[in-house]
Amino acid sequence: MITVLPVETPGLGDRTHLAHDGTTALVVDPQRDYDRVTALAASAGVRITHVFETHIHNDYVTGGLALAREVGARYLINADDEVFFERTPVRDGEVIEVGTMRIRAIHTPGHTHTHLSYVLETDGERVAVFTGGSLLYGTTGRPDLLGPEHTDTLVRAQWRSARRLAEELPDETTVHPTHGFGSFCSATQADAGTGTMGGEKKDNIALTADEETYVERLLAGLDAFPAYYAHMGPANAAGPGAPDLSPPSVADPAELRRRVDAGEWVVDLRDRTAFAAGHLAGSLNLGLDGPFITYLGWLIPWGTPVTLLGTSAEDVAEAQREMVRIGIERPAAMATGTPGEWAGGEPLVSYARATFADLAAALDDGTDDGGVVVLDVRRNQERREAHIPGSLHIPIHEIPARIDEIPAGRVWTHCAGGYRAGVVAALLHARGRDVVAVDDAFDNAHAAGLCPLAADTDAPEHTDAPEHTDDRQETPA
């Protein structure tokens with residue numbers, strides 16, 4: 001009997017898969033922290049003999065090469081991928097024997113030019129397919145990550161690749177994508193956690209729409225992707241080694257102050273409620289209760305030292321693990337305990353949190369004598385659906401470069417659910433701005449009388465590339 005086990009990485013919206021026949025195992029698209037995979041194999045009592053990559057990943061640093069070296073497995077990558085290490089090249093149609101399993105490679109370009117899917121066969125039946133960034137649940141991988149000059153070619157190739165899989169695989173074949181669980185490599189997001197080819201034939205836009213309709217709809221829905229993606233492909237082509245997850249050095253209050261004053265990022269991992277109530281002056285807030293690594297990787301100037309502040313060593317270890325997944329190899333330092341201990345006698349600072357009803361009251365009665373600046377940090381697509389008239393719109397990932405565009409006055413930051421608003425409030429507060437973080441669901445803005453249901457207001461729009469981001473671990477945007 002064949003068993004397929006997923007290894008979830010919710011912070012990046014990805015899955016690694018381990019498949020085994022009770023004795024021998026293979027791994028598809030392992031994350032950098034592959035110790036989770038080896039632990040899973042050990043608990044199942046199986047030996048990993050093959051590690052497969054569907055493509056050179058753009059959203060994370062792979063653990064494939066280091067895993068294969070550690071366990072003595074073959075490392076299989078498309079023969080046409082340009083990499084700088086020894087691997088086992090594989091091509092379309094090639095069949096690899098893994099214990100009692102047979103793995104057939106299928107060229108499925110679209111997410112990248114050289115993308116491969118892998119069909120798992122046993123006893124003459126095609127029981128599973130690992131589709132990487134090709135056919136996802138209800139959608140496909142996005143075709144624009146290699147640059148606009150490739151997008152038209154790749155989006156059409158993606159439609160044809162999905163059709164090829166549908167033609168070659170029976171309805172009962174289970175589908176196991178790498179992306180699509182919040183990953184920015186997915187063209188759109190889907191709620192499904194499992195799927196079959198039969199189900200995808202009924203529901204997936206690539207299999208239900210004609211080519212032109214699919215192309216038009218998919219391209220219209222694409223948003224911006226995180227800036228750190230630019231570093232992932234080169235890192236994966238170079239052949240990343242095993243991560244160092246040992247604890248960083250501990251910083252005392254004097255060192256923390258020095259690092260803040262030097263312009264380094266001192267990141268408080270507590271939730272936004274606790275941070276707003278009191279924190280080390282100049283520190284930033286990316287809570288572990290939300291998409292921490294997405295926004296850290298997207299907003300930080302690449303290469304800036306990062307110091308982590310957590311209430312426990314376990315919190316710091318969790319953040320460090322997420323960091324290595326995108327190639328931020330080591331925190332500069334860490335501190336655990338309470339904000340008072342981190343400050344070492346220095347006064348803590350705080351800022352206000354509010355609801356949309358509070359914002360409406362401030363706008364109506366003029367109680368905010370510092371002037372009200374309403375800053376919408378959602379993505380453009382969200383903005384088009386509904387927004388507060390007169391608000392300033394700067395998507396979260398553009399804040400660092402456009403911070404001087406924010407007028408004087410008290411800045412009320414808002415998003416769809418509160419996480420992004422908290423991140424931006426902390427950034428602005430660290431730079432001396434008077435801020436209020438609106439920690440509320442955007443649906444309540446309409447209830448408070450702040451905006452209509454549709455975006456038919458006269459508020460100015462920012463029309464640059466849209467932002468693909470949401471509050472995935474709090475309120476869906």
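## About the model

The model is predicted, so to speak for local features a pLDDT of at least 70 is needed, side-chain atom pairs count only at pLDDT 80 or more, and totals for chains, interfaces and linings use all residues. Residues are numbered from 1 along each chain as its sequence is written, and side-chain values use heavy atoms, with hydrogens and water left out.

## The sheet

Let's start with the open, mixed sheet, whose 6 strands run in the order β1-β2-β3-β4-β5-β6. Strands here are DSSP runs of E with at least two residues, helices are runs of H or I with at least four, and both are numbered from the N terminus; two strands pair if DSSP finds at least two bridges between them. Because β1 (3–9) and β6 (88–90) each have a single partner strand, one side of each has no neighbour in the sheet. From one strand to the next, the twist averages 25 degrees.

Strands β2 (residues 14–20) and β3 (residues 24–28) are antiparallel partners over 4 bridges. Across from A19 you will find L26 in β3.

## Helices on the sheet

Helix α1 (residues 35–44) packs on the sheet and touches β1, β2, β3 and β4 (47–52), where contact means heavy atoms within 4.5 Å. The direction of α1 makes about 150 degrees with that of β1; such angles run from 0 to 180 degrees between N-to-C directions, with axes fitted to C-alpha atoms, for helices over the stretch in contact.

## The nonpolar cores

The largest nonpolar core has 54 residues, and W265 and L286 are among those with the most contacts inside it. A nonpolar core is a set of buried Ala, Val, Leu, Ile, Met, Phe, Trp, Tyr and Cys residues joined through side-chain atoms within 4.5 Å; buried means under 20% relative accessible area, with a 1.4 Å probe and protein chains only. Helix α16 (residues 419–430) gives this core its largest share, 8 residues.

Note on methods. Buried means under 20% relative accessible area, exposed over 50%, partly exposed in between (1.4 Å probe, protein chains only).
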